[in-house]
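Visitor: Please take a close look at one helix of this chain for me. Then place that part in the wider model.

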Amino acid sequence: MATTTRGPVRVRFAPSPTGFLHVGGARTAIYNELMCLGARRDGAEAAHVLRIEDTDTARSSDAMTQQIVDALAWLGIEHDEGPFLQSERSTHHREAAEQLLAQGHAYHCFRSQEEVEAMRAEIVGRGENYTYRTAFERAPDDEVARRVEAGEPYAVRFRMPDGAIEFDDIVRGAMSFPPEALDDFIILRSDGSPTYHLSVVVDDIDMAITHVIRGEDHLSNTPKHIGLFRALEADEPTFCHLPLILGADKKRLSKRTGATSVEEFRDQGIVPQALYNYLAFLGWSPGDERELMSRDELIEAFDADRLRRTAAVFDIEKLRWMNANYMSILDLDEILRRLEPYVAEVGLTEHLGSERMARAVDVQRRRAKDLRELAGSLRPYFQDTLSYDAERWRKFIGQAELPAALEELMQRYAALDDYSIESTERVLRELATELEVKAGFLIHPTRVALSNDKAGPPLFDLVVAMGQEEGGRHLRNFVAFLHAERAVGG
């Protein structure tokens, strides 16, 4: 199996700006970054290059390029060089094609796409294996010169070597592609535009890329690229082909099974640290029981030899579990900053920056699995009244002594000079003792009064975070609700 080296390491992340940043691409970018930073950790020179492969002009856009750059930045992935636009290097790509023509590693192809496809269909229809090099004879040099001089349109095809292409892959080990699996392919279209295969190899050479980490869907391209590296007399990089990410249905992750892009998870309220951590574990592990690892810890632990060959299944519940853990340990200021758009969604923007908002977020964040859920849980803290459901809280309506007990608790809370977790708990338990009831007799309805829910954070954390005045108002409204329901025979 190929391994990383202790020499200089130059990796590149090279997305196409034809859509949002897929989580599979984000994982590739993470592994590129970790390999680069891991090499620096070991004392080697290293660089992470961002290259935007925008040669598909029909589907690429500046907006998508910016979207990808922004998504990488949000995720916390840094690059040392770039972003470089592949489209701005097309002149150099064409020069490489001319060099390959001059050296006999490539040739002019005057066949139209329709002619090639017709021949392919005929040969395959006979049950035979199709390759361009066996289906069509090469035109003599004098005929080629004449047709070029006459201005006939032509593409340029690369002549694949006759032998097998072999290489070592970090994930898949020794790989071998026999000659019959290789065929000549177009590197320059008839309109003069370079194809992906030529552009990516020329750019990797010019940018001195030492390691290429990409998805296994590129594996069939690798022998073509190695042929080009060798024809251009350049050292080929070490390849690392990552297995695909599967959905819950064990098929390639797609929108049928849920979100697939970094932006979608961001909009759902996932924090970047959680998504980075989770994606890093989709195909790699530190070799121990750790699951929550910061970026610095991942850099310290990363070893490409621990990348797994088997496909990983994207588990949204595991991501949400991880996200909940990060939301509980990140700095409160960061949570408040990332929470802003979700607070706006629930109409609480005016309370941003308030001490009460900070208290409420700090209490509620340990129970929410994402930022959107957290924002929704903040509503009771800033509502003048809550709408209590008689059917849901019928148990409390039937307790005749409860309204008076809550009224007494409300008065004692209002009289507190030191409104703290300790003092509010002491007051409630003292009152329960005086009334000769269990503390739960007051604890459960107090929670309902303040949050309109039977579950939540520790009660006295909730009481203090709600605030003395606001909590008192909710208690008063709940007592009024109990009286009203009892009056109508609820």
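Guide:
**A helix under cover**

Start with helix H8, residues 222–231: 8 of its 10 residues are buried, so the rest of the structure largely encloses it. The model is predicted, and everything below is read from that prediction. The buried residues of H8 are Thr 222, Pro 223, His 225, Ile 226, Gly 227, Leu 228, Phe 229 and Ala 231. An α-helix has 3.6 residues a turn, so residues three or four places apart point the same way.

Now step off the end of the helix. Just after H8, Glu 233 takes a positive phi of about 55°. Glu 233 is not a glycine, yet its phi is positive. Its place is in the loop between H8 and strand S10 (238–242). Burial is a matter of the cut-off here: exposed means over 50% relative accessible area. Glu 233 stands at 72% relative accessibility, so it counts as exposed.

Glu 436 also has a positive phi, near 60°, in a residue other than glycine. Glu 436 sits in the loop between helix H19 (421–435) and helix H20 (440–451). At 76% relative accessibility, Glu 436 counts as exposed.

Another backbone feature is a cis peptide bond. The bond runs from Gly 82 to Pro 83, with omega near 10°. Pro 83 belongs to strand S3, residues 81–85.

Next, the chain as a whole. There are 22 helices and 12 strands. The radius of gyration is 32 Å, well over the 23 Å that the globule rule gives for 490 residues, so the chain is more spread out than a compact globule. Along the principal axes, the C-alpha atoms fill a box of roughly 110 × 50 × 40 Å. Buried residues make up 50% of the 490 residues. Of the contacts with a separation of 6 or more, 76% join residues 24 or more positions apart.

On to the open spaces. The largest pocket has a volume of about 980 Å³. Its lining has 37 residues, and Pro 15, Ser 16, Gly 25, Asp 217 and His 218 lie nearest the centre. Strand S1 (9–13), helix H1 (23–41) and strand S9 (211–215) each supply at least two lining residues. H1 gives the largest share of that lining, 5 residues. By class, the lining of the largest pocket divides into 13 nonpolar, 14 polar and 10 charged residues.

The second largest pocket has a volume of about 390 Å³. It is lined by 20 residues, and the closest to its centre are Tyr 107, His 108, Arg 138, Ala 139 and Val 144. Strand S4 (106–109), helix H5 (132–135) and helix H6 (141–149) are the elements that give two or more residues to this lining. The lining of the second largest pocket holds 9 nonpolar, 2 polar and 9 charged residues.

The structure holds 1 cavity of 30 Å³ or more. The volume of the largest cavity is about 30 Å³. Its lining is made by Phe 13, His 48, Val 49, Leu 50, Leu 72, Ile 77, Glu 78 and His 79. Strand S2, residues 46–52, provides the largest share of that lining, 3 residues. The lining of this cavity has 5 nonpolar, 2 polar and 1 charged residues.

Last, two threonines in loops. Thr 195 lies between strand S8 (185–188) and helix H7 (196–206). At 9% relative accessibility, Thr 195 counts as buried. Leaving out residues up to four places away in sequence, Thr 195 touches Ile 186, Ile 187, Leu 188 and Arg 189. From Thr 195 to Tyr 342 is 147 residues in sequence and 43 Å in space, C-alpha to C-alpha.

Thr 349 lies in the loop between helix H13 (332–345) and helix H14 (355–364). Thr 349 has 41% relative accessibility and counts as partly exposed. With residues up to four places away in sequence left out, Thr 349 touches Val 343 and Ala 344.

Definitions and conventions: Residues are numbered from 1 along each chain as its sequence is written. This is a predicted model: local features need pLDDT of at least 70, side-chain atom pairs count only at pLDDT 80 or more; totals for chains, interfaces and linings use all residues. Side-chain values use heavy atoms; hydrogens and water are left out. On a 1 Å grid over the protein atoms alone, a cavity is a set of points where a 1.4 Å probe fits but cannot get out, and a pocket is an open set with protein on both sides within 12 Å along at least five of seven lines; lining residues have an atom within 4 Å of a point. Grid points are joined across faces, edges and corners, and a volume is the space filled by probe spheres set on the points. Helices (H or I, at least four residues) and strands (E, at least two) are DSSP runs, numbered from the N terminus. Ala, Val, Leu, Ile, Met, Phe, Trp, Tyr, Cys and Pro count as nonpolar, Asp, Glu, Lys and Arg as charged, and the others, Gly among them, as polar. The radius of gyration is taken over C-alpha atoms; the globule rule is 2.2 Å times the number of residues to the power 0.38. Buried means under 20% relative accessible area, exposed over 50%, partly exposed in between (1.4 Å probe, protein chains only). Contact means heavy atoms within 4.5 Å.
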